[in-house]
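Look at the chain as a whole before turning to its parts.

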Amino acid sequence: MDMVNLKINGIAVSVPKGSTVLEAARQTGIEIPTLCFMKDINEIGACRICIVEVNEGRGFRTVTSCVYPVSEGMEVLTNTEKVQKSRKTTLELMLSTHNKHCLSCPRSTNCELQKLCLEYGVNDNEVRGVKPDFQVDTSTAHLVRDNSKCILCRRCVAVCKQQYVAVIGPNQRGFDTSIGQAYGLSLNETPCISCGQCTAVCPTGALTEKDDTDKVWAALADETKHVVVQTAPSIRATIGECFGMPIGTNVEGKMVAGLRRLGFDKVFDTDFGADLTIVEEANELVERIKNGGTLPMITSCSPGWVKFCEFYYPDLLEHLSSCKSPQQMAGAVIKTYYAEKMGIDPKDIVVVSIMPCTAKKFEITRDDQNAAGVPDVDVALTTREAARMFSRLGINFESLPDEEFDSPLGDDTGAAVIFGATGGVMEAAVRTANAWLNGATDPVDLVAVRGTDSIKEATVDLAGSPIKLVVASGAAAAKQVMDKLKAGNPDGWGFIEIMGCPGGCVNGGGQPIQPQYIRDTVDLKAVRAKALYDQDKDMPLRMSHESPVIKTLYSEWYDGFGGHKAHHDLHTSYVARKKFNV
């Protein structure tokens, strides 16, 4: 590998040829501030915060470090008086048109603009300018866009393009530039898939999930309601980050204790819903294989992916499993089986889910998600919203004792736990299908579909026949897979797992916000997923059909696998959607 030698603040550095000044500085332990930069996704040098001085033999001049390549013998100065003055002026200009209602902003104390303004001594009295008048877009179930807080960094535009849908971009020019949809459409009038990846990368409060915590506070205060909470598999590996704990810390016990202290009547694990999804999905796959059904079958537990398919591949919807997602299956069981066992009218049960995904807010509004005649789930909160509830009540999360989920809907298996990582649904389904069709008693460790690659393939033997599997995460990867399927499935896939977010639920749009520097230098997807796989390998039960609660449900309530009642409660339908609702 060709190396380039240079000096950064007088320190000799040797970096690979083609590196940028920003990358070289990071190797020396110097973090140059950025606002628009996202490694490999948004490298445009637009915000000018990363400016530095360089000397390549012609005297010092200023350049944007995120896009400027290093050269042999270059001298770099990252914090001269000139550089600091330039950055401060840029921040003052940003702040001159910025909505500074920081006290009520969900991103306060976790805002990259706010942090830089504090570091550079910027206040709102330096530069006065005209403030554009923007209308807040609240048209969708999952997101709020407030352009009065936008700094035009275009991170959201880049990640939306990375997700293939590209429904947002810059409108107008010059001072009138704003980020939004074409033709003045609201976001709800576009083929947005509700993945929320834009909210995870926005450096300010311009893009946030729609906050539904007031609905939960109201339900908890209503003595006529029985309020139940369920938590998705990935939350245990991420919510600790909201309280300063290391990335990838499994805080299942503390999370349960915290939710109990919020006042929920029951704290259940959505993992039982994941186990239920696997059993139903495996049964559906076996039936399709045996009876000549539509193959390949595609998983349906990611609502962002399902919406993507409805928008962009409506002619291939028959390939989708009809199974509801774990969130919706859990809600259905709570409002049918659990309601009857407890003698509670389903109308008086409020089911709250804590999810990694903003698309879950959309999912609970879908048709055909009401097994008991009322919505399966009433409120879907993101990981971030749950953390804000803990903070509002003054819960010291790190000091909480470890507590267990409530029974009987707190039992789970390792197969359910790994649902939160890309490939986990496939591996879990294969474990049960392998047991049913091949008589296997030991769980399959399907290592080939683990990891954070956007597309992974494997082949397994089921009932004497090789079945080709493919796993895709992120809508762009989904497009690659679906284009091949549309072209006649030349690779011969028999079973497909697709997740709407890159890396799966551990990287969902509702997960804890990490500064872009961390996102650039730490593989969040891999570190968070490791916590789930570590829990899986240590669990006594690692196949969904072995779960005691699953066995009880099918013996007492559903009269065996594949029955009419199970299909009514646990399966759903899909619709072809217009790309532009105008």
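This is a predicted model: local features need pLDDT of at least 70, side-chain atom pairs count only at pLDDT 80 or more; totals for chains, interfaces and linings use all residues.

Residues are numbered from 1 along each chain as its sequence is written, and side-chain values use heavy atoms, with hydrogens and water left out.

The chain has 582 residues and a radius of gyration of 25 Å, which agrees with the value near 25 Å for a compact globule of that length. The radius is taken over C-alpha atoms, and the globule rule is 2.2 Å times the number of residues to the power 0.38. Along the principal axes, the C-alpha atoms fill a box of roughly 80 × 55 × 50 Å. The chain contains 19 helices and 17 strands. These are DSSP runs numbered from the N terminus: helices are H or I with at least four residues, and strands are E with at least two.

Now take the sheet. It is open, with 4 strands in the order β11-β10-β13-β14, and the pairing is parallel. Two strands pair if DSSP finds at least two bridges between them. At the edges lie β11 (266–269) and β14 (379–382), each of which pairs on one side only. From one strand to the next, the twist averages 25 degrees. Strand β13 (residues 349–355) pairs with β14 in the parallel sense over 4 bridges, and Ile354 stands opposite Leu381 in β14. Helix α12 (residues 383–392) lies across β13 and β14 and runs at about 85 degrees to β14. Axes here are lines fitted to C-alpha atoms, for helices over the stretch in contact, and angles run from 0 to 180 degrees between N-to-C directions.

Next come the helix pairs. Two packed helices are described by the angle between their axes and the distance between the axes.

Helix α2 (residues 81–96) and helix α3 (residues 112–119) pack at about 130 degrees, with axes 10 Å apart. That makes α2 oblique to α3. Angles under 35 degrees count as roughly parallel, over 145 as roughly antiparallel, 65 to 115 as roughly perpendicular, and the rest as oblique. The crossing of α2 past α3 is left-handed, a word used if the near helix is turned anticlockwise from the far one by less than a right angle, with right-handed used if clockwise. Leu91, Met94 and Leu95 in α2 meet Leu113, Leu116 and Cys117 in α3, where contact means heavy atoms within 4.5 Å. By class, the residues of this contact are 6 nonpolar, no polar and no charged. Ala, Val, Leu, Ile, Met, Phe, Trp, Tyr, Cys and Pro count as nonpolar, Asp, Glu, Lys and Arg as charged, and the others, Gly among them, as polar.

What is the handedness of the crossing of α9 and α15? The crossing of these two helices is right-handed. The axes of α9 (residues 303–312) and α15 (residues 475–486) come within 11 Å and cross at roughly 50 degrees, and the two are therefore oblique to each other. Trp305, Phe308 and Cys309 in α9 meet Ala475, Ala478, Lys479 and Met482 in α15. This contact of α9 with α15 has 6 nonpolar, no polar and 1 charged residue.
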